[in-house]
Amino acid sequence: MSIFRRRRRPASGDPAAMPCREFVEVITWYLEGTLPDEDRVRFDEHLAACPNCTAYLDQMRTVLRLTGRLTEEDIPDDTRSDLLQVYRNWQSA
């Protein structure tokens, strides 16, 4: 099942089938291999048609490679709380 079911458009090979904003929202799931299959298809179709998002994905991969993997245990409790609050505010906006 699609994570973004209400915004889902038919797979068409058109980058508009997954808007750039949605692409950015799900890139972490894509990189972790947890993006549902139907969203993965839309992601891959968008990636094939959008040079800007292709560059963004390359940048994200570079950041991960250069910084390594940060675990939850590596984040101080107060920083973790701040980050969660920022995320909640962003989600509610």
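Axes, in what follows, are lines fitted to C-alpha atoms, for helices over the stretch in contact, and angles run from 0 to 180 degrees between N-to-C directions. The model before you is predicted, so local features need pLDDT of at least 70 and side-chain atom pairs count only at pLDDT 80 or more, while totals for chains, interfaces and linings use all residues. Residues are numbered from 1 along each chain as its sequence is written, and side-chain values use heavy atoms, with hydrogens and water left out.

Let me begin with the overall layout. The protein chain has four helices and zero strands, in the order α-α-α-α from the N terminus. Helices (H or I, at least four residues) and strands (E, at least two) are DSSP runs, numbered from the N terminus. Of the 93 residues, 20% count as buried, meaning under 20% relative accessible area, with exposed over 50% and partly exposed in between (1.4 Å probe, protein chains only).

I turn to the helix pairs. The axes of H2 (residues 37–49) and H3 (residues 51–67) come within 6 Å and cross at roughly 110°. That makes H2 roughly perpendicular to H3; angles of 65 to 115 degrees count as such, those under 35 as roughly parallel, those over 145 as roughly antiparallel, and the rest as oblique. Here Phe43, His46, Leu47 and Ala49 of H2 meet Pro51, Cys53, Thr54 and Leu57 of H3, where contact means heavy atoms within 4.5 Å. These residues divide into six nonpolar, two polar and no charged. Ala, Val, Leu, Ile, Met, Phe, Trp, Tyr, Cys and Pro count as nonpolar, Asp, Glu, Lys and Arg as charged, and the others, Gly among them, as polar.

H1 (residues 20–32) packs on H2 at about 120°, with the axes 11 Å apart. That makes H1 oblique to H2. The crossing of this pair is left-handed: the near helix is turned anticlockwise from the far one by less than a right angle, whereas clockwise would be right-handed. By class, the contact of H1 with H2 has seven nonpolar, one polar and five charged residues.

The axes of H1 and H3 come within 11 Å and cross at roughly 35°, and this crossing is right-handed. Cys20, Phe23, Val24, Ile27, Tyr30 and Leu31 of H1 meet Cys53, Tyr56, Leu57, Met60, Arg61 and Leu64 of H3. The contact of H1 with H3 comprises 11 nonpolar residues, no polar and one charged.

What does the largest nonpolar core contain? Its 11 residues are Met18, Phe23, Val26, Ile27, Tyr30, Leu35, Phe43, Leu47, Cys50, Cys53 and Leu57. Such a core is a set of buried Ala, Val, Leu, Ile, Met, Phe, Trp, Tyr and Cys residues joined through side-chain atoms within 4.5 Å. H1, H2 and H3 each give two or more residues to this core, and H1 gives the most, with four.

Finally, Tyr30 touches Leu35, Arg40, Phe43, Asp44, Leu47, Leu57 and Arg61, leaving aside residues up to four places away in sequence.
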